[in-house]
Amino acid sequence: MAETNGAAEAPQAPKMNVLAQFIRDLSFENILAQKGVSGEVQPEIQVQVNLDAKKRTAENQYEVVMKLKVDSKSAAAKEQLFLLELDYAGVFNIEGIPEDQMHPFLLIECPRMLFPFVRRIVSDVTRDGGFPPLNLETIDFVALYRTELQRRQAEAEGQKADA
């Protein structure tokens, strides 16, 4: 700890506030209803998650966007049942996080705050679209972050090898 005039200066405790959250884009296509298929269908569901974060013009404000794609196909015939795409954004005021820790904080902690709302939207939209409500499994944002870092590292090494 740094000493100032004989008194220890305590580091600022991390602070995060959600200032706003909103649906930036939402698309739900009920392909099953469009085709007129009926009867019992066993779905196979694939979920893709992408995260994006950027600094806003206001001091200490960041925008984090969770992009979710839920693709459902019939297990037997592999026919498309529905497709849901959701971009859900949150605006955060973040203070007390060292600059070198900001990137993982934005892509791990902020999505954790948004996820319950995203889960609810997906459940409501699939139910209102004529399917059983889809309750998303909890997402491990730490693992997602590490996987993305490894992918970027491998991509950078691949480009160096090509050069």
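**Close-up views of the predicted model**

View 1. R120 counts as exposed because its relative accessibility is 54%, where exposed means over 50% relative accessible area, buried means under 20%, and partly exposed lies in between (1.4 Å probe, protein chains only). The model shown is predicted, so that local features need pLDDT of at least 70 and side-chain atom pairs count only at pLDDT 80 or more, while totals for chains, interfaces and linings use all residues. Residues are numbered from 1 along each chain as its sequence is written, and side-chain values use heavy atoms, with hydrogens and water left out. R120 belongs to helix α2, helices (H or I, at least four residues) and strands (E, at least two) being DSSP runs numbered from the N terminus. The C-alpha of R120 lies 9.0 Å from that of L134, although 14 residues separate the two in sequence.

**View 2. The protein chain as a whole, for orientation.** Three helices and six strands make up the secondary structure of the protein chain, and from the N terminus on they follow the order β-β-β-α-β-β-β-α-α. Of the 163 residues in the protein chain, 31% are buried. When contacts (heavy atoms within 4.5 Å) are taken between residues at least 6 apart in sequence, 67% of them join residues at least 24 apart.

View 3. Strand β5 is mostly covered, with eleven of its 14 residues buried. Strand β4 (residues 43-55) runs antiparallel to β5 and is joined to it by 13 bridges, two strands counting as paired if DSSP finds at least two bridges between them. Q46 has D71 of β5 as its bridge partner, and among the five residues between the strands of this hairpin, N60 adopts a positive phi near 65°. On pairing with β6, β5 again forms 13 bridges in the antiparallel sense, with V64 bridged to G90 of β6. Five residues lie between β5 and β6 in their hairpin, where K78 in the turn has a positive phi of about 60°.

**View 4. L84 in strand β6.** L84 is found in strand β6 and counts as buried because its relative accessibility is 1%. Leaving aside residues up to four places away in sequence, L84 touches S27, F28, L68, K69, V70, V122, V125 and T126. L68, which is 16 residues from L84 in sequence, has its C-alpha 7.9 Å from the C-alpha of L84.

**View 5. The largest nonpolar core.** This core, a set of buried Ala, Val, Leu, Ile, Met, Phe, Trp, Tyr and Cys residues joined through side-chain atoms within 4.5 Å, holds 33 residues, of which L68, L86, I94, V118 and V122 touch the most other members. Two or more residues each come from β5 (61-74), β6 (80-95), α2 (99-128) and α3 (141-162), and α2 gives the largest share, twelve residues. The neighbours of I94, not counting residues up to four places away in sequence, are K15, M16, N60, Y62, M102, F105, L106 and C110.

View 6. Helix α3 has 22 residues and reaches 32 Å from its first C-alpha to its last, which is close to the 32 Å expected at 1.5 Å a residue, the expected span being 1.5 Å times one less than the number of residues. At the start of α3, the backbone nitrogen of V142 has a side-chain oxygen of D140 within 3.2 Å.

Definitions and conventions: A polar contact is a pair of N or O atoms within 3.5 Å; within protein, one must be able to donate a hydrogen and the other to accept it, and residues adjacent in sequence count only if both atoms are side-chain atoms.
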